[in-house]
Amino acid sequence: MYNKSNPFDNLRPMLLSVTVGILQVFISVEILIILVMLYAWQKDAILFIQNSTDKGLIILVIVLILTYLVKRKIHKLLKN
């Protein structure tokens with residue numbers, strides 16, 4: 001007999017894998033932006049602070065940490 005399986009059985013792991021991949025790209029872009037901002041800070045610290053870019057850098061680092069934690073949580077779900 002032919003055993004039909006549900007075509008949506010593999011949908012959840014596939015969606016989680018795609019989500020982890022998108023988050024990994026997002027993390028890479030965030031790290032690149034942070035490195036560029038740190039270079040600008042090293043180049044001219046006074047102008048960097050006058051433009052309030054230091055606050056943006058802090059917020060971006062916080063977003064990077066939160067993104068990493070979400071990615072790690074999804075990766076753990078994918079293993080289960």
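This report describes the helices, the nonpolar core and a few individual residues of one predicted model.

In this predicted model, local features need pLDDT of at least 70 and side-chain atom pairs count only at pLDDT 80 or more, whereas totals for chains, interfaces and linings use all residues. Residues are numbered from 1 along each chain as its sequence is written, and side-chain values use heavy atoms, with hydrogens and water left out.

Helix α1 covers residues 11-43, and its 33 residues reach 48 Å from the first C-alpha to the last, close to the 48 Å expected at 1.5 Å a residue. Helices here are DSSP runs (H or I, at least four residues), numbered from the N terminus, and the expected span is 1.5 Å times one less than the number of residues. The buried residues of α1 are L16, V20, L23, I27, E30, I34 and M37, where buried means under 20% relative accessible area, exposed over 50% and partly exposed in between, with a 1.4 Å probe and protein chains only. These buried residues pack against α2 (45-50) and α3 (53-79).

The largest nonpolar core has seven residues, namely I27, I34, M37, F48, L57, L60 and L64, and the elements that give two or more residues to this core are α1 and α3. Such a core is a set of buried Ala, Val, Leu, Ile, Met, Phe, Trp, Tyr and Cys residues joined through side-chain atoms within 4.5 Å. Not counting residues up to four places away in sequence, M37 touches F48, T53, G56, L57 and L60, a contact being heavy atoms within 4.5 Å.

The count of aromatic pairs comes to one. The rings of W41 and F48 have their centres 5.7 Å apart and their planes at 15 degrees, so the pair is stacked; rings of Phe, Tyr and Trp (its six-membered ring) pair if their centres lie within 6.5 Å, and planes under 30 degrees apart count as stacked, over 60 as edge-to-face and the rest as tilted.

| Residue | Relative accessible area | Class |
|---|---|---|
| W41 | 39% | partly exposed |
| F48 | 4% | buried |
| T67 | 9% | buried |
| H75 | 37% | partly exposed |

T67 is found in helix α3, and, leaving aside its neighbours within four places in sequence, T67 is in contact with L23, F26, I27 and E30. H75 also has its place in helix α3; H75 and T19 are 56 residues apart in sequence and 9.4 Å apart in space, C-alpha to C-alpha.
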